[in-house]
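Thank you all for coming; please take a moment to look at the sequence and the model on the screen, and then we will walk through the sheet together.

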Amino acid sequence: MPKLRLHLDADTSNRALYTALLERGHDVSRTPNAWMPPDASDEEQLIGATTHGRCIFTFNARDFIPLSRKHPQHGGVILATQKWPLSALIGALDRLLSETDADDWPGRLRWLKDWMKKEA
């Protein structure tokens with residue numbers, strides 16, 4: 001099964017998050033990069049991530065929920081609120097990227113809280 005490849009949109013494109021996920025062995029890209037300009041619209045980011053075989057991670061549920069309906073063949077959308085501490089984001093995204101694969105995501109929209117570490 002192919003590993004999930006992730007794209008951090010402009011809202012989630014935190015260098016520390018990006019670096020932490022790369023250090024854990026995940027295939028991650030971020031806005032901006034060679035194929036995504038810093039001023040790309042949300043729709044351009046979703047289409048670009050899909051074109052490059054990536055699921056997109058965003059805090060922008062208001063725009064990405066309707067965009068995921070407009071472009072139902074997208075590579076997957078992961079949503080979270082902005083209230084997460086960086087360490088929790090890293091942990092949950094690490095779990096998500098380790099526990100799911102690319103075949104699980106096309107056309108799907110999920111909330112990151114599903115991969116939040118459960119307290120014992």
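Predicted model: local features only at pLDDT ≥ 70, side-chain atom pairs only at ≥ 80, totals over all residues.

Both faces of strand E3 are covered, with Cys55 and Phe57 on one side and Ile56 and Thr58 on the other, and all of these are buried, where buried means under 20% relative accessible area, exposed over 50% and partly exposed in between, with a 1.4 Å probe and protein chains only. In a regular strand the side chains alternate between the two faces of the sheet. Residues are numbered from 1 along each chain as its sequence is written, and side-chain values use heavy atoms, with hydrogens and water left out.

Helices (H or I, at least four residues) and strands (E, at least two) are DSSP runs, numbered from the N terminus, and two strands pair if DSSP finds at least two bridges between them. E3 (residues 55-58) is joined by three bridges to E1 (residues 6-8), and the two run parallel; here leucine 6 stands opposite cysteine 55. Three bridges also join E3 to E4 (residues 77-79), again in parallel, and isoleucine 56 stands opposite valine 77.

What are the strands at the edges of the sheet? The five strands form an open, parallel sheet in the order E2-E1-E3-E4-E5. Strand E2 (28-30) and strand E5 (109-111) stand at the edges, each with a single partner strand, so one side of each has no neighbour in the sheet.
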